[in-house]
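Biologist: I am new to this structure. Please pick one part and look at it closely, then show me how it connects to the rest.

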Amino acid sequence: MQRGRVLVNGEDRGVRGNRCTSFIERAIGLLGRPALETTEALWISPCPSVHTLGMRYPIDVIFCDGDGRIVRIVENLQPDRVASAKGARNTCEMLAGATRLLGLNAGDRLIFADARG
């Protein structure tokens, strides 16, 4: 898993994250982990759909296209649900309510910047 930051429209808004790219990392995602903090995210790539089967808390899910543009936001996705977005290439999972606090909207651009820069 790679550590870094999630930039919003090129700005660092203090969201730190981890990027999952291997099959195993993507399959496990947030399962069995404690709830995220408001300024924490899990970036999953590639990932056009997610599930919350077996999770114990709701999350916000931000679906982005290949350029990082938000194509869909699913707020407060409850445990044991599934969500997807047409045209999505990457998914950013955050604590439920975080997308509103950050003021994220469809069309905004999210980029995962690894810790090296």
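How many of the five residues of strand 3 are buried? Do strand 3 and strand 8 run parallel or antiparallel?

Modeller: First, the ground rules. This is a predicted model, in which local features need pLDDT of at least 70 and side-chain atom pairs count only at pLDDT 80 or more, while totals for chains, interfaces and linings use all residues. Residues are numbered from 1 along each chain as its sequence is written, and side-chain values use heavy atoms, with hydrogens and water left out.

Confidence comes next. pLDDT is the predictor's confidence in each residue, from 0 to 100. The protein chain has a mean pLDDT of 92. Of its residues, 98% reach 70 or more. Confidence is lowest in helix 1 (residues 23-28), with a mean of 81. It is highest in strand 6 (residues 70-77), at 98. Helices (H or I, at least four residues) and strands (E, at least two) are DSSP runs, numbered from the N terminus.

Strand 3 covers residues 40-44. Four of its five residues are buried, so strand 3 is largely enclosed by the rest of the structure. Buried means under 20% relative accessible area, exposed means over 50%, and partly exposed is in between (1.4 Å probe, protein chains only).

Strand 3 has partners. Two strands pair if DSSP finds at least two bridges between them. Strand 2 (residues 11-20) is joined to strand 3 by five bridges, and the two run parallel. In this pairing, Arg-16 stands opposite Glu-40 of strand 3. Strand 8 (residues 90-95) is joined to strand 3 by four bridges, and here the run is antiparallel. Trp-43 faces Cys-92 of strand 8.

The aromatic pair count for the model comes to one. The rings are those of Trp-43 and Phe-112, with centres 6.3 Å apart and planes at 40°, so the pair is tilted. The rule takes rings of Phe, Tyr and Trp (its six-membered ring) with centres within 6.5 Å; planes under 30 degrees apart are stacked, over 60 edge-to-face, and the rest tilted. Trp-43 is in strand 3 and Phe-112 in strand 9 (residues 110-114), so the pair ties together parts 69 residues apart in sequence. Phe-112 is buried too, at 8% relative accessibility.

Next, the cores. A nonpolar core is a set of buried Ala, Val, Leu, Ile, Met, Phe, Trp, Tyr and Cys residues joined through side-chain atoms within 4.5 Å. The largest has 17 residues. Leu-30, Val-50, Ile-59, Val-61, Phe-63 and Leu-77 have the most contacts inside it. Strand 3, strand 5 (59-64) and strand 6 each supply at least two residues of this core. Strand 5 gives the largest share, three residues. A second, separate core of 15 residues includes Cys-92, Ala-98, Leu-102 and Phe-112.

Last, the backbone. Most residues other than glycine have a negative phi, and most peptide bonds are trans. Ser-45 and Pro-46 are joined by a cis peptide bond, with omega about -10°. Pro-46 lies in the loop between strand 3 and strand 4 (49-51). Asn-9 is not a glycine, yet its phi is positive, about 50°. Asn-9 sits in the loop between strand 1 and strand 2. Asn-76, also not a glycine, has a positive phi of about 55°. Asn-76 belongs to strand 6. At 40% relative accessibility, Asn-76 is partly exposed.
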